[in-house]
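Please examine the sequence and the model shown below before reading on.

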Amino acid sequence: MKNKIMILAFTLAETLIVIGVIGVVAALTLPNLNQSTGDKEKVVKVKKIYQNLEDALGRATAIYGPLDTWYIKDLDATSQRTRFAERLTEFMKISKSSKTSDANLYTLADGTTLNIKTKNHVSFDIDGNSKGKNQERYDIFALSCGNGYFNPNILDMSNNLHWCVNHKVVESCTGWIIQYDNMDYLKVDTNGKCNNSDITLSDTVTSCK
């Protein structure tokens, strides 16, 4: 009887140890998994709005002509901004719009918010103004428009990485996402070295994994 009790005690102790180990492993890995999943969702959203903006601009220029001809009758920055905003969003699914003294604001059907403060430039919050960090490079991104298309600031990898990481230029971070499908610029130091890893991002190494 004593032997059975001892065996049960040892079995229970071993089970508790295993459960404890599983708990520790989960505590260490789940945050990383959640962040990875969250980053992937953000990447998809950024690329989706980029494609939507490109499509809207293409449709607008097909009707109204080349972008640089839109502002012939608009003599001030406010009217030029409004002209750009209204023609662009005419071909997007808008659920709400408003205007302030310095910006044209729109909420898309999927919850994304657009903030247009100057002609040919759009910043956007991928999860709306009431969710997320509301912080550039995390959930607020931007694109500039020129030569008939939205330029994701893809010049070369090292340029985008440098300006995104060292100077916090949000357009460069947007370009990085569109080009490399990740947000690993958030995981590196100013030299491009990945946190907790010997990997250094370069023109051929574009992920910390």
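Counting bonded cysteines along the protein chain, the disulfides follow the pattern 1-2, 3-4. A disulfide is here a pair of cysteine sulfur atoms within 2.5 Å, and the count by this rule comes to two. The model is a predicted one, in which local features need pLDDT of at least 70 and side-chain atom pairs count only at pLDDT 80 or more, while totals for chains, interfaces and linings use all residues. Residues are numbered from 1 along each chain as its sequence is written, and side-chain values use heavy atoms, with hydrogens and water left out.

**Disulfides**

The link of Cys 164 and Cys 173 is right-handed, with 105 degrees about the S-S bond. Burial is judged by relative accessible area: buried means under 20%, exposed over 50%, and partly exposed in between, with a 1.4 Å probe and protein chains only. Cys 164 counts as buried at 1% relative accessibility, and Cys 173 counts as buried at 0%.

The other pair is Cys 194 and Cys 208, whose sulfur atoms are 2.1 Å apart. The torsion about the S-S bond of Cys 194 and Cys 208 is about -85 degrees, so this disulfide is left-handed. Cys 194 and Cys 208 both lie in the segment after helix 4, so the pair ties together parts that are 14 residues apart in sequence. Cys 194 is buried at 2% relative accessibility, and Cys 208 is buried at 15%. A further cysteine, Cys 145, is also buried, with a relative accessible area of 9%.

**Secondary structure and helix 4**

The protein chain has four helices and six strands. Helices (H or I, at least four residues) and strands (E, at least two) are DSSP runs numbered from the N terminus. Along the sequence, the elements follow the pattern α-α-β-β-β-β-β-β-α-α.

Helix 4 spans residues 170–180, and nine of its eleven residues are buried, so the helix is largely enclosed by the rest of the structure. Among the buried residues of helix 4 are Cys 173, Trp 176, Ile 177, Ile 178 and Tyr 180. Just after helix 4, Asp 181 takes a positive phi of about 60 degrees.

**Salt bridges**

Side chains of opposite charge can pair when their charged atoms come close. A salt bridge is taken as a side-chain nitrogen of Lys or Arg within 4 Å of a carboxyl oxygen of Asp or Glu. A search of the whole structure finds five salt bridges.

| Pair | Closest N and O atoms |
|---|---|
| Lys 48 and Asp 110 | 3.6 Å |
| Asp 55 and Arg 59 | 2.9 Å |
| Asp 74 and Arg 83 | 2.9 Å |

Asp 55 and Arg 59 both lie in helix 1, four residues apart, which is about one turn of the helix. Asp 55 is partly exposed at 39% relative accessible area, and Arg 59 is partly exposed at 46%. In the remaining pair of the table, Asp 74 counts as buried at 8% relative accessibility, whereas Arg 83 is partly exposed at 29%.

**The chain as a whole**

Of the 209 residues in the protein chain, 35% are buried. The accessible surface of the chain comes to about 12400 Å², of which 56% belongs to carbon and sulfur atoms. Such areas come from the Shrake-Rupley method with a 1.4 Å probe, and for residues only the protein chains shown count as cover. Contact means heavy atoms within 4.5 Å. Among contacts in the chain with a separation of 6 or more, 43% are between residues 24 or more positions apart.

**Confidence**

The predictor's confidence in each residue is given by pLDDT, from 0 to 100. The mean pLDDT of the protein chain is 86, and 79% of its residues reach 70 or more. Over residues 23–30, pLDDT stays under 50, and the model has one contact beyond four places in sequence for these residues. Where pLDDT is low, the predicted coordinates should not be read in detail.
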